[in-house]
Amino acid sequence: MPKMKTKRSAAKRFKVTGTGKLKRSKAYKSHILTKKSAKTKRNLRKAGYVAEAQEKVMKKLIPYV
């Protein structure tokens with residue numbers, strides 16, 4: 001049976017933590033930053049995690065990561 005292909009778009013967006021969770025970056029921090037408060041922009045810098053409901057689906061996209 002051939003190897004499974006990794007979805008490269010998903011591999012660039014997610015990293016697997018030591019406990020097996022998927023780490024992701026947050027949205028809404030690329031442009032139109034003048035109207036966002038400093039607190040909002042500071043919180044957008046922090047990493048987010050993929051919800052447990054979607055984690056199984058996302059892990060199928062990146063089988064070897």
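A helix here is a DSSP run, marked H or I, of at least four residues, and helices are numbered from the N terminus. Keep that in mind as you explore this predicted model.

**Stop 1: helix α3.** Start by selecting residues 52-61, the stretch that makes up helix α3. Now show the side chains of lysine 59 and glutamate 55. Both sit in this helix, 4 residues apart, which is about one turn of the helix.

**Stop 2: the salt bridge.** Zoom in on that pair. The side chains of lysine 59 and glutamate 55 meet in a salt bridge, with 3.5 Å from N to O. How many salt bridges does a search of the whole structure find? It finds 1.

**Stop 3: the two partners.** Lysine 59 is partly exposed, with a relative accessible area of 35%. Is glutamate 55 buried or exposed? With a relative accessible area of 13%, glutamate 55 counts as buried, because buried means under 20%.

**Stop 4: around glutamate 55.** Which residues does glutamate 55 touch, leaving out those up to four places away in sequence? Select Gly20, Lys21, Leu22 and Val50 to see them.

**Stop 5: a positive patch.** Next, select Lys39, Lys41, Arg42, Arg45 and Lys46, which form a positive surface patch. Pick out arginine 45 from this group and you will find it in helix α2, residues 38-45. Arginine 45 has a relative accessible area of 64%, so it counts as exposed, the word used for values over 50%.

Methods
Residues are numbered from 1 along each chain as its sequence is written. This is a predicted model: local features need pLDDT of at least 70, side-chain atom pairs count only at pLDDT 80 or more; totals for chains, interfaces and linings use all residues. Side-chain values use heavy atoms; hydrogens and water are left out. Patches are made of residues with over 30% relative accessible area and no salt bridge: like charges are joined within 9 Å, nonpolar side chains (Val, Leu, Ile, Met, Phe, Trp, Tyr) within 5 Å. Accessible areas come from the Shrake-Rupley method with a 1.4 Å probe; for residues, only the protein chains shown count as cover. A salt bridge is a side-chain nitrogen of Lys or Arg within 4 Å of a carboxyl oxygen of Asp or Glu. Lys and Arg count as positive and Asp and Glu as negative; His and the chain ends are not counted. The place of a charge is taken as NZ of Lys, CZ of Arg, CG of Asp or CD of Glu. Helices (H or I, at least four residues) and strands (E, at least two) are DSSP runs, numbered from the N terminus. Buried means under 20% relative accessible area, exposed over 50%, partly exposed in between (1.4 Å probe, protein chains only). Contact means heavy atoms within 4.5 Å.
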